[in-house]
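Good morning. I have a short walk through one structure today, so please have the sequence and the picture open.

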Amino acid sequence: MKEIKIETILQVFENVNELPQHIVTLMQKAVEARENAYAPYSKFHVGVAIRLDNNQIITGSNQENASYPSGLCAERTAIYYAGSQFPNAKILQMAISAGSKKNQTKTPIPPCGACRQAIAEYEIKQESPIEIYFMGETGKVAKSKSLANLLPLVFDKGVL
Ligand code: THU
């Protein structure tokens with residue numbers, strides 16, 4: 001038997017203004033997209049903005065459903081739209097802002113496991129890293145230089 005230790009690296013910024021202007025702009029779009037979340041059940045609103053290498057910015061928000069599992073997270077709403085509208089464009093960055101209507105969210109909220117798996121598919125497909133920036137409503141912003149840093153032991157096409 002041997003143990004395997006898995007480590008990952010993130011950068012954490014004190015606030016969004018420490019980031020370069022093009023990321024500030026992208027995060028602002030994510031914050032705006034949060035306003036379009038349809039989250040009457042959880043009251044947890046998530047907004048996402050994706051920058052493509054064709055200069056398009058795609059936004060998305062979580063969309064809930066009375067049949068709870070039929071709803072979809074913001075990250076997958078946005079990335080599936082990007083993939084379906086611009087199948088040949090590469091995704092450069094994704095910015096995520098999450099906030100609860102019940103209390104103020106001040107810590108960075110990472111994408112859920114299912115969304116990491118979905119983003120990983122596109123990163124592997126395009127053979128170049130997708131930068132992920134995530135935050136709450138205010139406060140610190142976490143950056144992952146690649147989705148791979150957020151999903152060790154990814155399940156990918158190599159095993160099929
Ligand atoms: N949600 C997202 O949009 N993204 C995530 O990565 C985690 C969760 C949404 C799904 C649901 O509408 C609400 O947040 C509470 O789970």
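**Strand β6 and its neighbours**

I start at a turn: the hairpin of β5 and β6 has five residues between its strands, and Gly-139 there takes a positive phi near 90°. A word on the source: this is a predicted model, in which local features need pLDDT of at least 70, side-chain atom pairs count only at pLDDT 80 or more, and totals for chains, interfaces and linings use all residues. Residues are numbered from 1 along each chain as its sequence is written, and side-chain values use heavy atoms, with hydrogens and water left out.

Helices (H or I, at least four residues) and strands (E, at least two) are DSSP runs, numbered from the N terminus. Two strands pair if DSSP finds at least two bridges between them.

Which strands are joined to β6? Strand β5, residues 131–135, is joined to β6 by four bridges, and the two run antiparallel. Within that pairing, Ile-132 has Ser-144 as its bridge partner. Strand β1, residues 11–13, is joined to β6 by three bridges, again antiparallel. There, Phe-13 stands opposite Val-141.

In a regular strand the side chains alternate between the two faces of the sheet. Strand β6 covers residues 141–144, and both of its faces are covered. Val-141 and Lys-143 on one side are buried, and so are Ala-142 and Ser-144 on the other. Buried means under 20% relative accessible area, exposed means over 50%, and partly exposed is in between, with a 1.4 Å probe and protein chains only.

**The ligand**

Next, the ligand. The residues around it, meaning those with a heavy atom within 4 Å, include Ser-42, Phe-44, Asn-62, Glu-64, Ala-74 and Cys-112.

Which residues place a polar atom by an oxygen atom of the ligand? Glu-64 has a polar side-chain atom 2.4 Å from a ligand oxygen. For Ala-74, a backbone N or O atom lies 2.9 Å from a ligand oxygen. For Cys-112, a polar backbone atom is 2.8 Å from a ligand oxygen. Taken alone, the ligand exposes 370 Å², and the protein buries 76% of that. Those areas come from the Shrake-Rupley method with a 1.4 Å probe; for residues, only the protein chains shown count as cover.

**Arg-76**

Arg-76 is found in helix α2, residues 74–85. Is Arg-76 buried or exposed? Arg-76 is buried, because its relative accessible area is 18%. Leaving aside residues up to four places away in sequence, Arg-76 touches Cys-112, Ala-114, Cys-115 and Ala-118, where contact means heavy atoms within 4.5 Å. Arg-76 and Ser-61 are 15 residues apart in sequence and 8.8 Å apart in space, C-alpha to C-alpha.

**Aromatic pairs**

How many aromatic pairs does the structure hold? There are two. Rings of Phe, Tyr and Trp (its six-membered ring) pair if their centres lie within 6.5 Å; planes under 30 degrees apart count as stacked, over 60 as edge-to-face, and the rest as tilted.

Tyr-41 and Tyr-68 form a tilted pair, 5.4 Å centre to centre with 40° between the planes. This pair links distant parts of the chain, 27 residues apart: Tyr-41 is in the loop between α1 and β2, and Tyr-68 is in the loop between β3 and α2. Tyr-41 is partly exposed at 37% relative accessible area, while Tyr-68 is exposed at 59%.

The rings of Tyr-80 and Tyr-122 have centres 6.3 Å apart and planes at 55°, so that pair is tilted. Tyr-80 lies in helix α2 and Tyr-122 in helix α3, so the pair ties together parts 42 residues apart in sequence. Tyr-122 counts as buried because its relative accessibility is 15%.

Note on methods
A polar contact is a pair of N or O atoms within 3.5 Å; within protein, one must be able to donate a hydrogen and the other to accept it, and residues adjacent in sequence count only if both atoms are side-chain atoms.
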